[in-house]
Amino acid sequence: MQRPILTATLAGLAALVSSTAQAHVSIASGPAFANTSQEVAFGVGHGCEGADTYRVQIDIPASVSSVRPELNDFGQVDVETDAAGTVVAVTWTKSETSVLPADSLYYKLLIRLKAPAQPFTMVYLPAHQTCRAADGTETVVDWVGIDEAEGSDVEPAPALYVLPVRFPGWNKYTVDNGVDDLKGFFGDAQIVWAGSKAFSVNPTTTELISTTEGASALTSIAAGQQIWVKY
Amino acid sequence: MSRLAYALLGSAWLLLSACSSDGSSNAKPSGALSACLERPDQLPRPPSGKLPCDLIPPGLSLE
């Protein structure tokens, strides 16, 4: 009986390590709220093949506004704008002397931005990570993949989940676009209901949904459907 | 003190005790809502095989 549990645990750990290792630049601040200014954090989990991260550029899509990066001790912050003055990219660059001889630190880079007024959608913010090895060799990794097929060589772009503004307790929403990624959008909800179907990331609650007469598992939400979400 | 005074005091005590905190005259209707602290027998319990009522949304009735 212990062996299957051990095997499952190791498989879970392997999957966790694998996904963590792949996600070098990703959103580290959780979901954003639609049409609201908020801090969004980009976590840089790893450098490139043992080399320290030297520069990170985040491309800002047109649907994102009110962009202001925050200063931090990673390095200098530069903002790139278009002819209209709209911020199109933010870049953090380390000073030459502060590049480490090895990939040993986790970095968190912050931008205050206003997410689009489109709840239950995702905003992709492509990232370009430049690493510098001890011998000065630079490597650039582009995190730009959007809806790539399984097994694609293109690295995934940081994805920001956009949710409607919410309050503690029950929240009633109508979903304009269908939602398949329930775990991504409702990972911090206690429970989500659409009709008599329910979803929760909590395994105990999920089991209770399956054992409660009249309730069944919610696996996706159709466009136009009304839902109740408890936070 | 006269017997009348004792009788009046006794009546007053009886009247006050009838309205005291034993709930006889101030008791709320059995269906009235009150804070959880007032209803310790209704505080959340560990799962018992079905979803607790606080995870059922307003207006939904499961059968």
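Select A:V192 and then its surroundings: leaving out residues up to four places away in sequence, A:V192 touches A:L182, A:F186, A:A198, A:F199, A:L218, A:I227 and A:V229. Here two residues are in contact if their C-beta atoms, placed from the backbone, lie within 7 Å. Before you go on, note that this is a predicted model, where local features need pLDDT of at least 70, side-chain atom pairs count only at pLDDT 80 or more, and totals for chains, interfaces and linings use all residues. Residues are numbered from 1 along each chain as its sequence is written, while chains are lettered from A and ligands numbered from 1 in the order in which they are written.

**The core around A:V192**

Now widen the selection. A:V192 is listed with A:I58, A:A127 and A:A198 as the residues with the most contacts inside the largest nonpolar core, which has 46 residues. Such a core is a set of buried Ala, Val, Leu, Ile, Met, Phe, Trp, Tyr and Cys residues joined through C-beta atoms within 7 Å. A residue counts as buried if 20 or more other C-beta atoms lie within 10 Å of its own, as exposed if 12 or fewer do, and as partly exposed in between, with C-beta atoms placed from the backbone. This core draws at least three residues from each of domain 1 (21-163) and domain 2 (170-230) of chain A.

**Two domains**

Colour chain A by those two ranges, 21-163 for domain 1 and 170-230 for domain 2; the bounds come from an automatic or database domain assignment. Their C-alpha centres lie 31 Å apart. How many residues from each domain take part in the contact? Domain 1 of chain A gives 5 and domain 2 of chain A gives 7. On the domain 1 side, the touching residues divide into 3 nonpolar, 2 polar and no charged. In this count Ala, Val, Leu, Ile, Met, Phe, Trp, Tyr, Cys and Pro are nonpolar, Asp, Glu, Lys and Arg are charged, and the others, Gly among them, are polar.

Switch to cartoon view: chain A has 3 helices and 18 strands. Two strands pair if DSSP finds at least two bridges between them.

Pick out the open antiparallel sheet of 4 strands in the order 1-3-8-5. Strand 1 (25-27) and strand 5 (65-69) of chain A are its edges, each pairing on one side only. Neighbouring strands are turned by 30° against each other on average, direction ignored; the axes are lines fitted to C-alpha atoms, for helices over the stretch in contact, and angles run from 0 to 180 degrees between N-to-C directions.

Step across the sheet pair by pair:

- Strand 1 and strand 3 (residues 37-44) of chain A share 3 antiparallel bridges, and A:S26 stands opposite A:G43.
- Strand 3 and strand 8 of chain A are joined by 8 antiparallel bridges, with A:V40 and A:I111 as partners.
- Strand 5 and strand 8 of chain A have 3 antiparallel bridges, and A:R68 stands opposite A:R112.

Next, find the open sheet of 6 strands with mixed pairing, in the order 6-7-4-10-11-12 (chain A). Strand 6 (76-81) and strand 12 (155-156) of chain A each have a single partner strand, so one side of each is left without a neighbour in the sheet. Inside it, strand 10 (residues 127-132) and strand 11 (residues 138-145) of chain A run antiparallel over 6 bridges; look for A:C131 opposite A:T139.

Then select strand 13 (residues 159-163) of chain A, which runs parallel to strand 2 (residues 32-33) of chain A over 2 bridges. Strand 9 (residues 121-124) of chain A pairs with strand 13 in the antiparallel sense over 4 bridges, where A:Y124 stands opposite A:A159.

**Last stop: chain B**

Select chain B, which has 1 helix and 0 strands. Of its 63 residues, 5% count as buried. In the interface, 10 residues of chain B are in contact with 16 residues of chain A, and the chain B side divides into 7 nonpolar, 1 polar and 2 charged.
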